[in-house]
There are 2 protein chains.
Amino acid sequence: MAVTKHSKQRDAIMDELCQRHDHPTAEELYLALKMKMPNLSLGTVYRNLNMLSDDGTIQKISVGGADHFDGNANNHYHMLCSECKRLYDVTYPLLEDIEKKAVNFVDGKITSHTITFIGVCNGCLH
Amino acid sequence: MAVTKHSKQRDAIMDELCQRHDHPTAEELYLALKMKMPNLSLGTVYRNLNMLSDDGTIQKISVGGADHFDGNANNHYHMLCSECKRLYDVTYPLLEDIEKKAVNFVDGKITSHTITFIGVCNGCLH
DNA sequence: TATAATAATAGTAACAATTATCATTATTGA
DNA sequence: TCAATAATGATAATTGTTACTATTATTATA
């Protein structure tokens with residue numbers, strides 16, 4: 001179901017998600033919020049994250065293991081550290097024309113694209 | 001553990017995976033192989049797919065839901081149909097220099113990259 | 001070619017991530 | 001203020017995957 005009524009829990013989830021830039025999982029968000037809202041439920045976090053990502057208000061990112069969420073809905077790229085599994089933003093300029101070009105190599109229509117770099121972050125290199 | 005000894009099950013898994021180009025999940029492979037090898041175990045399929053993708057012999061692809069596997073280990077791109085969740089190959093030419101360029105936008109080293117187009121396949125459009 | 005070492009298997013249990021259920025609570029519009 | 005119902009918290013159920021263990025298959029060597 002789509003969002004219709006307002007809720008404190010959803011506000012808190014959005015606030016937390018937009019303040020941080022570490023692309024937390026549902027459980028990481030839940031644990032952080034649980035301190036301020038002690039009777040928040042993990043199911044509520046999942047339900048809201050799914051509604052919001054269905055809306056296009058936030059992004060859901062699947063890279064193996066638990067899904068990550070990104071409060072920045074504008075398309076941008078990511079890097080996954082294969083050591084610590086953390087997900088980082090990559091400010092590589094958006095490839096504006098890649099979807100148009102890719103149409104020639106696809107049977108269907110394209111609505112978006114993702115690029116994920118895999119590597120090792122500085123924290124894990126040292 | 002890495003592959004050392006030979007096994008019929010692993011051969012059958014590789015054969016099946018390389019013959020088809022629909023990026024099956026572990027369970028889809030299992031069901032297809034179960035006909036020829038009635039006492040194949042799902043755990044065996046998972047174990048081998050993981051060993052082979054750790055090797056770099058095959059690719060594991062996470063796009064939400066169950067992981068998909070690709071017998072083509074050469075880097076190439078994919079399209080995910082948001083309707084039927086099927087994964088297609090995209091023969092878009094490899095962006096050879098993107099990893100080198102991306103280094104400037106990343107704190108760490110890059111070892112590979114993936115591009116996934118999201119869209120609707122022809123089967124789902126009609 | 002027999003044998004010993006051990007990797008790989010089948011079958012099953014356990015686990016992790018996510019979704020569904022449902023009685024209760026909160027929001028909203030009349 | 002009240003009725004309608006969306007959203008919640010708590011928990012059960014489901015799904016995808018990994019771990020465990022006794023047995024079987026592979027392989028190197030005597």
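Analyst: Rings of Phe, Tyr and Trp (for Trp the six-membered ring) are taken as a pair if their centres lie within 6.5 Å, and a pair is stacked if the planes are under 30 degrees apart, edge-to-face if over 60, and tilted for the rest. A:Tyr77, A:Tyr92, A:Phe117 and B:Phe105 form one aromatic cluster. This is a predicted model, in which local features need pLDDT of at least 70 and side-chain atom pairs count only at pLDDT 80 or more, while totals for chains, interfaces and linings use all residues. Residues are numbered from 1 along each chain as its sequence is written, chains are lettered from A and ligands numbered from 1 in the order in which they are written, and side-chain values use heavy atoms, with hydrogens and water left out.

Over all chains, the ring rule gives six aromatic pairs. One of them is edge-to-face and joins A:Tyr92 to B:Phe105, with 5.5 Å from centre to centre and 65° between the planes. This pair crosses between chains, since A:Tyr92 sits in the loop between β4 (87-90) and α4 (98-102) of chain A, and B:Phe105 in the loop between α4 (98-102) and β5 (108-121) of chain B; helices (H or I, at least four residues) and strands (E, at least two) are DSSP runs, numbered from the N terminus. With buried meaning under 20% relative accessible area, exposed over 50% and partly exposed in between (1.4 Å probe, protein chains only), A:Tyr92 is buried at 10%, whereas B:Phe105 is partly exposed at 30%.

In chain B, the rings of B:Tyr77 and B:Tyr92 form a tilted pair, because their planes stand at 55° with the centres 6.5 Å apart. B:Tyr77 belongs to strand β3 (residues 77-81) of chain B and B:Tyr92 to the loop between β4 (87-90) and α4 of that chain, so the pair ties together parts 15 residues apart in sequence. B:Tyr77 is buried at 0% relative accessible area, and B:Tyr92 is buried at 10%.

The sheet is open and has six strands in the order β4(A)-β3(A)-β5(A)-β5(B)-β3(B)-β4(B), with mixed pairing; two strands pair if DSSP finds at least two bridges between them. β4 of chain A and β4 of chain B stand at the edges with a single partner strand each, so one side of each has no neighbour in the sheet. Between the chains, β5 (residues 108-121) of chain A and β5(B) pair in the antiparallel sense over 13 bridges.

A:His113, in strand β5 of chain A, stands opposite B:Phe117 in β5(B) and is buried, with a relative accessible area of 2%. Its side chain makes a polar contact of 2.7 Å with the side chain of A:Tyr77, a member of the aromatic cluster, and another of 2.7 Å with the side chain of A:Glu99. A polar contact is a pair of N or O atoms within 3.5 Å; within protein, one must be able to donate a hydrogen and the other to accept it, and residues adjacent in sequence count only if both atoms are side-chain atoms.

Phosphate oxygens of DNA strand D lie 3.1 Å from a polar side-chain atom of A:Asn48 and 2.7 Å from one of B:Asn50.
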